[in-house]
Amino acid sequence: MMERRPPAASEAVDPVVPRAAAVVGCGVIGAAWSARLRLHGVAVKVFDPSPDAARILDEVAANAVAAWTELGLPVELAPLTICETVEEAVADVDLIQESVPERMEVKHTTLSAIDAAARPDAVIGSSTSGLLCTDLAKPLVHPERLVVAHPFNPVYLLPVVEIVGGEETSAATIDRALALYRALGMKPIHIKAEIEAHVADRLLEAV
């Protein structure tokens, strides 16, 4: 009789919901990440120096609540804390979602600050739609915990998220990322090869 192997972490049927999460960069995508997290019972800390950040967070959260209500889904928003610094936002959280503008120098500065302040076991996901994880990780001291987590807008409704590791991303980080995003009601797809624009955007461009 064929022996059954134990399930890998990425196949876990009971993923652990993050106890707390951070969103760094609160434009439309970052605010939508915040809404999805809060609608799934995860307390969120956010940082964005823009004076428009609070307004965008409120507007996107209201849209998310309206959409979930129309679909007949239970609606209860977990707490949101607006922080003064990156360091305050990422302290003592399980998942950090970086969603700053798609400029490598901005990504590097932000990810370096996150890397320096985050808990050692925190998973860091970059919302980039086109940049490579290996390139994003170059200035990091702990590149093994970074993944690309490319979502689709609006994040609070569309469940697909592409998970892409870099050359130094650990297998444990990939497995944990898949489990964390699954716990947020998402359908994570592990893209095993780094290519510009990942896979879904290339398909959309072809269509």
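Biologist: What covers the buried residues of α2?

Modeller: The cover includes α1 (28-39), β2 (43-47) and β3, where cover is judged by contact, meaning heavy atoms within 4.5 Å. This is a predicted model, in which local features need pLDDT of at least 70 and side-chain atom pairs count only at pLDDT 80 or more, while totals for chains, interfaces and linings use all residues. Residues are numbered from 1 along each chain as its sequence is written, and side-chain values use heavy atoms, leaving out hydrogens and water.

Biologist: Which residues of α2 are buried?

Modeller: They are Ala53, Ile56, Leu57, Val60, Ala61, Ala64, Ala67 and Trp68. These residues cover an arc of only 130 degrees around the axis, so they sit on the same side of α2; the arc is that of the directions from the helix axis to the C-beta atoms. The face turned away from that side carries the exposed residues Asp58 and Glu70.

Biologist: How many residues does α2 have, and what span do they reach?

Modeller: α2 has 18 residues and reaches 26 Å from its first C-alpha to its last. That is close to the expected 26 Å at 1.5 Å a residue, the expectation being 1.5 Å times one less than the number of residues. Glycine 72 follows α2, with a positive phi near 80 degrees.

Biologist: Why is serine 34 called buried?

Modeller: Buried means under 20% relative accessible area, exposed over 50%, and partly exposed in between, with a 1.4 Å probe and protein chains only. Serine 34 has 2%, so it is buried. This α1 residue touches Val23, Val44, Val46, Leu57 and Leu80, not counting residues up to four places away in sequence.

Biologist: Why does threonine 110 get its label of buried?

Modeller: Its relative accessible area is 12%, so threonine 110 is buried. Threonine 110 lies in helix α4 (residues 104-117) and, leaving aside neighbours within four places in sequence, is in contact with Val24, Glu98 and Val100.

Biologist: And leucine 73: why is it called partly exposed?

Modeller: Leucine 73 has a relative accessible area of 37%, so it counts as partly exposed. You will find leucine 73 in the loop between α2 (53-70) and β3 (80-82).

Biologist: How much of the protein chain counts as buried?

Modeller: Of its 207 residues, 46% do.

Terms used. Helices (H or I, at least four residues) and strands (E, at least two) are DSSP runs, numbered from the N terminus.
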